[in-house]
Amino acid sequence: MSDLTLNLTAPNGLNYMQPIGLFINNEFVKSASRVKLSTIDPATEAEIASVYAASTDDVDVAVKAARKAFNEPSWAGISSTDRGNLLLKLASLVEENAHHLATIESWDNGKPYIHALNVDIPAVANTFRYYGGWADKIQGDVIETSPQKLTYTIREPVGVCGQIIPWNFPLAMAAWKLGPALACGNTSVLKPAEQTPLSILYLATLIKEAGFPPGVVNILNGHGRTTGDAIATHVDVDKVAFTGSTATGRQIMRSAALNLKNITLETGGKSPLLVFNDADLKSAVAWAHTGIMFNQGQVCTANSRILIQEGIYDRFLVAFKEQVKKVSKIGNPFDDATFQGPQVTQAQFDRIVSYIDSGIAEGACLAYGGKPYKNVNGKGFFIEPTIFTNVKDEMKICQEEVFGPFVVISPFKTEEEAVRRANDTPFGLASSVFTQDIKKAHRVARAIQAGMVWINSSGDSDFRIPFGGVKQSGMGRELGEAGLAAYTNLKAVHVNLS
Ligand code: ADP
């Protein structure tokens, strides 16, 4: 044990070495200011650890390391196949360390361990492996113009990427950012969210073990307004990729304007889920439940607005409440029976409570839940799954992203009304349509203003499929082949053959 590593024992008994430094040039180091940030277990409110937080000076050191690595033969000069192999190796290391990673993720974030192990960690490994496979398939085109000219394009890496991620899926968000960036030959300065700094530091040890050269991946914990802002404004950062709230996305866009950085933003949502009279009710209820309640409702694509055609409204409501009662078991994240752990922080808990108060004050009907739940020690940021009915579209609870196990349900009459109301928020991330009528399903899918539409399911994203939003839900796409576009610049080469 050194002063850059802590020997920790997680609630499930796992004893392991937790790095707490900044990860720069493949080494853990202290921050220049020695300032630390503390992270707590949301299930017990006890401190887990303090980790070093990066100052503006530390960001500068990390950016210099990333710039140097970007130009070094050890990274810029390796074959695309070798670059891909590093990602494939990292994917295997993630799988070998699944128990460690899932334990840390669950402890720091509050999500059920079995969800971290069976959903998050496979998603991380799959994303690294998928982009490892892409590394040697990133190519330009030859474009015919005239016999006197040869014209072709080259896909070049963008350079040093600042990658700022949220706390709801820390490791998965790191993989979504690092996978395509590294496949394309970029280097990264990645900032985890201050609420969940631990799992990414453990991932850093695997990045080093996989054999990535020093400086290719640098990980800096710290607060948004200091570390995050220093990354977003740094003139030698070529690109910023961000996932988080719409308000912060707006701020990052302003900061990135300083040197006209390439940006991708994945921000908030208030995603509608429409159920028509002809839908398979049982299936719609099950998907709608998972779609809003999974991960404590802390999912940007969560179907937080449910619209039900009036012919099945009453039946849906009864069945949905039964499903919540049956499945949404609240409790200790390390208990296998738990579906819902605590919210990530007191601030998120308070935010949900304020929306519950707002719904009641605006005259909506609190149809289910809405009360705090306390762990055995009387602590923890747990809140009961919450359903509001009798809502009006203009209410705050129908317009703003709550980011919790909180859903509004209302009836609609016609397809035209459903589409109009589905589109009636500033957001446009995800949406779902439940119907057995194939024509209606595709018609509605086209009419909804969203980056993603699920027909007869909800939120089961896939690393091969583009992910992103329209309107105030962001710009650019992650995942799939589309995710590569954000990490390359296309260079056109004109050759005069005359
Ligand atoms: P939330 O409100 O849910 O915590 P944020 O959008 O504030 O979500 O946070 C997402 C990520 O953005 C975190 O890593 C956070 O530290 C970072 N962040 C917050 N504010 C800024 C900022 N002004 N500039 C850069 N990054 C920021």
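Modeller: Happy to. Let's start at Phe381, which, neighbours within four places in sequence aside, is in contact with Ile40, Pro42, Glu45, Pro342, Gln343, Val344, Thr345, Gln346 and Phe349. Keep in mind that this is a predicted model. Phe381 sits in the loop between strand E16 (372-373) and strand E17 (382-383). Is Phe381 buried or exposed? Its relative accessibility is 3%, so Phe381 counts as buried.

Helix H12 covers residues 346-361 and lies across E15, E18 and E19, at about 25 degrees to E18. Those strands belong to an open sheet of seven, in the order E15-E18-E19-E14-E13-E20-E21, and the pairing is mixed. At the edges you find strand E15 (365-368) and strand E21 (454-455), each of which pairs on one side only. As a general point, strands of a sheet pair through backbone hydrogen bonds, either parallel or antiparallel. Here, strand E18 (residues 386-389) and strand E19 (residues 406-412) run parallel and are joined by three bridges. If you want to find one of them on screen, look for Thr386, whose bridge partner in E19 is Phe406.

Stay with E18 for a moment, because Thr389 lies in that strand and, at 5% relative accessibility, counts as buried. Beyond its neighbours within four places in sequence, Thr389 is in contact with Tyr313, Leu317, Ala364, Cys365, Ala367 and Ile409. Follow that last name. Leaving out residues up to four places away in sequence, Ile409 touches Ile306, Ile308, Tyr313, Phe316, Leu317, Phe320, Ile387, Phe388, Thr389, Asn390 and Val391. So which residues touch the most other members of the largest nonpolar core? Ile409 is one of them, together with Val94, Phe128, Phe212, Phe316 and Phe320, in a core of 128 residues. Helix H6 (residues 170-183) gives the most to this core, ten residues. At least three residues come from each of domain 1 (5-267 + 475-491) and domain 2 (272-462). Apart from this core lies another one, of 15 residues, including Ile356, Ile383, Ile397 and Cys398.

The domain assignment of the protein gives domain 1 as 5-267 + 475-491 and domain 2 as 272-462. Their C-alpha centres lie 30 Å apart, and the contact takes 28 residues from domain 1 and 30 residues from domain 2.

Next, the aromatic rings. The count comes to twelve aromatic pairs. In one of them, Tyr130 and Tyr131 have ring centres 4.9 Å apart and planes at 80 degrees, so the pair is edge-to-face. Tyr130 and Tyr131 are both buried. Tyr130 also pairs with Phe463: the centres are 5.6 Å apart and the planes at 65 degrees, so this pair is edge-to-face too. Why does the pair of Tyr130 and Phe463 tie together separate parts? Tyr130 lies in helix H5 (residues 113-134), while Phe463 lies in the loop between E21 and strand E22 (474-475), so the parts joined are 333 residues apart in sequence. Tyr130 and Phe463 are both buried, and ring pairs link Tyr130, Tyr131 and Phe463 into a cluster.

The loop that holds Phe463, between E21 and E22, is also the place of Lys471. Phi of Lys471 is near 50 degrees, a positive value in a residue other than glycine. At 37% relative accessibility, Lys471 counts as partly exposed. Leu260 also has a positive phi, near 55 degrees. Leu260 is found in the loop between helix H9 (246-256) and strand E12 (262-266), and its relative accessibility is 74%, so Leu260 counts as exposed.

To go back to where we began: Phe381 is buried, and its contacts include Gln346 and Phe349, both within the span of helix H12 (residues 346-361).

Terms used. Residues numbered from 1 in each chain as written. Predicted model: local features only at pLDDT ≥ 70, side-chain atom pairs only at ≥ 80, totals over all residues. Heavy atoms only, no water. Pairing = 2+ DSSP bridges. Helix = DSSP H or I, 4+ residues; strand = E, 2+ residues; numbered from the N terminus. Contact = heavy atoms within 4.5 Å. Axes fitted to C-alpha atoms, helices over the stretch in contact; angles between N-to-C directions. Core = buried A, V, L, I, M, F, W, Y, C linked by side-chain atoms within 4.5 Å. Buried < 20%, exposed > 50% of the residue type's maximum accessible area, 1.4 Å probe, protein only. Domains from an automatic or database assignment. Phe/Tyr/Trp six-rings, centres within 6.5 Å; stacked < 30°, edge-to-face > 60°.
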